[in-house]
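Trainee: I am new to this structure and would like to go through it with you. May we begin once it is on the screen?

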Amino acid sequence: MKKATNLRSLAAQLIERVVDKGESLSAILPAAQKTLANNDGALLQELCFGVTRTLPQLEALINKLMARPLTGKQRVLHYLIMVGLYQLLYTRVPPHAALAETVAGAEALKRANLKGLLNGVLRQFQRQQDALLAEVNQGPQRYWHPGWLLKRLQTAWPEQWQQIVEANNQRPPMWLRVNRQHHSRDAWLALLTQQNQNAFSADAPDALRLEAPAPVSQLPGFEQGWVTVQDLSAQRCALLLAPENGETILDLCAAPGGKTTHILEIAPQARVMAVDIDAQRLSRVTENLQRLGMQADVRQGDGRTPAAWCDEQQFDRILLDAPCSATGVIRRHPDIKWLRRDCDIDELAALQREILAAIWPRLKSGGTLLYATCSVLPQENQQQIDAFLATHDDAVPQALPQGQLNGWQVFPAIDGGDGFFYAKLMKK
């Protein structure tokens with residue numbers, strides 16, 4: 001039996017590492033979950049994701065409840081109070097239990113002398129909740145986004161920014177991709193229905209959205225590779241690339257491998273090279289290939305220097321899922337709002353430009369490159385492609401499903417896919 005721990009104190013420590021130290025929840029949460037007994041890992045994730053999702057509102061509430069913020073060695077208690085407020089506002093944890101466990105978290109953090117402070121602040125919130133919420137929900141913090149990102153969204157999408165923000169603030173839907181090499185979508189859905197679970201189809205031929213998220217262990221044939229967890233918008237990448245058997249295909253920036261395996265489901269006789277700069281994330285590509293019983297040439301490499309990992313090889317098709325701000329997948333990774341900075345966008349756009357220019361010569365004449373990002377910022381998307389087309393006479397934009405020629409921007413939708421951008425280019 002693994003040793004029990006105070007989840008609230010653990011959540012506070014993880015949130016402090018994200019907000020004050022710039023660490024990613026995706027990197028630090030799994031290791032913390034491994035230390036927990038039973039199903040506590042799910043509650044820890046809910047607390048961490050929930051606080052980072054609603055952080056501006058919680059910060060504003062604390063400013064109303066406390067004369068001075070906790071700083072220095074006491075800073076972790078600031079985030080513990082946030083964990084307490086989040087439970088009272090957004091979870092089904094009984095208020096008395098939320099209060100007791102959060103206050104006990106001070107002791108777990110060796111700050112027993114501050115238990116009275118935590119208890120007082122949380123009880124004061126309970127007494128004044130309606131008035132406090134009415135006050136803090138009037139300001140910009142009601143959007144739960146940092147100011148720089150709100151400004152960019154409002155400038156780029158004056159009519160859609162509120163829709164984007166609202167979708168970002170929701171819990172994400174769980175999308176699945178049925179492996180067409182094993183079952184049709186309808187045949188696998190019938191297996192799911194037998195287990196009293198429901199799902200909804202979409203315009204992508206392999207896609208299903210679960211009515212309620214479920215552990216993968218409850219998905220028929222998951223371990224046998226019958227189905228993969230992958231967002232609807234991410235599934236469109238391989239579909240738009242349209243791979244064919246016998247072709248040599250590059251999946252660049254491939255980790256964790258969802259698009260690599262989708263390419264092989266569509267064209268199982270294609271020769272696929274999957275490349276990523278991150279060795280740790282690249283291991284997940286190998287794991288996904290093994291679960292689905294597939295083979296690809298998996299290599300570590302930097303997209304800016306293709307000669308280092310593929311010599312002079314050329315490809316029939318290239319999927320470039322470019323490094324980006326990830327502003328289209330905030331609902332899945334709410335810590336992105338606090339890890340990204342305004343200055344990152346110029347740096348990411350420059351990196352995208354370098355990779356695109358470096359990899360274009362590796363595409364065969366007559367070949368297809370699909371440029372994709374999970375961003376909603378034009379600087380990384382439409383402007384990037386327009387600039388590339390202006391300097392590459394041999395690049396011909398191809399029409400996409402909605403008739404767009406130079407690119408297709410998808411916004412996150414509450415019951416739909418994540419925010420994504422696609423541009424399809426053919427080489428003369």
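Mentor: A definition comes first: buried means under 20% relative accessible area, exposed over 50%, and partly exposed in between, with a 1.4 Å probe and protein chains only. This is a predicted model, in which local features need pLDDT of at least 70 and side-chain atom pairs count only at pLDDT 80 or more, while totals for chains, interfaces and linings use all residues. Residues are numbered from 1 along each chain as its sequence is written, and side-chain values use heavy atoms, with hydrogens and water left out.

Trainee: Is Pro 256 buried, partly exposed or exposed?

Mentor: Pro 256 counts as partly exposed, because its relative accessibility is 26%.

Trainee: Where is Pro 256 found?

Mentor: It is in the loop between strand S5 (248-252) and helix H11. Helices (H or I, at least four residues) and strands (E, at least two) are DSSP runs, numbered from the N terminus.

Trainee: And which residues does Pro 256 touch?

Mentor: Not counting residues up to four places away in sequence, Pro 256 touches Arg 281, Arg 284, Val 285 and Asn 288. Contact means heavy atoms within 4.5 Å.

Trainee: What does UniProt list for "binding site"?

Mentor: The unreviewed UniProt entry lists Cys 253, Ala 254, Ala 255, Pro 256, Gly 257, Gly 258, Lys 259, Asp 276, Asp 302 and Asp 321. UniProt positions are given in the numbering used here, feature names are shortened, and annotations may be inferred rather than shown by experiment.

Trainee: Which residue does UniProt list for "active site"?

Mentor: Cys 374 is listed there, again in an unreviewed entry. Cys 374 lies in the loop between strand S9 (363-373) and helix H16, and at 17% relative accessibility it counts as buried. Leaving aside neighbours within four places in sequence, Cys 374 is in contact with Cys 324, Ala 326, Thr 327, Gly 328, Val 329, Gly 419 and Phe 420.

Trainee: Now the helices. How do H10 and H11 cross?

Mentor: The axes of H10 (residues 232-241) and H11 (residues 258-266) come within 9 Å and cross at roughly 45°. That makes H10 oblique to H11. Axes are lines fitted to C-alpha atoms, for helices over the stretch in contact, and angles run from 0 to 180 degrees between N-to-C directions. Angles under 35 degrees count as roughly parallel, over 145 as roughly antiparallel, 65 to 115 as roughly perpendicular and the rest as oblique.

Trainee: Which residues make the contact?

Mentor: H10 contributes Ala 234, Gln 235, Cys 237, Ala 238, Leu 239 and Leu 241, and H11 contributes Lys 259, His 262, Ile 263 and Ile 266.

Trainee: What about H15 and H16?

Mentor: The axes of H15 (residues 342-359) and H16 (residues 382-391) come within 11 Å and cross at roughly 40°. H15 and H16 are therefore oblique to each other. Their contact is made by Ala 349, Gln 352, Arg 353, Leu 356 and Ala 357 of H15 and Gln 384, Ile 385 and Phe 388 of H16.

Trainee: Finally, which residues does UniProt list for the domain?

Mentor: For "domain: SAM-dependent MTase RsmB/NOP-type", the unreviewed entry gives residues 164-428. Over residues 164-428 the chain is 32% helix and 23% strand, with the end C-alpha atoms 37 Å apart.
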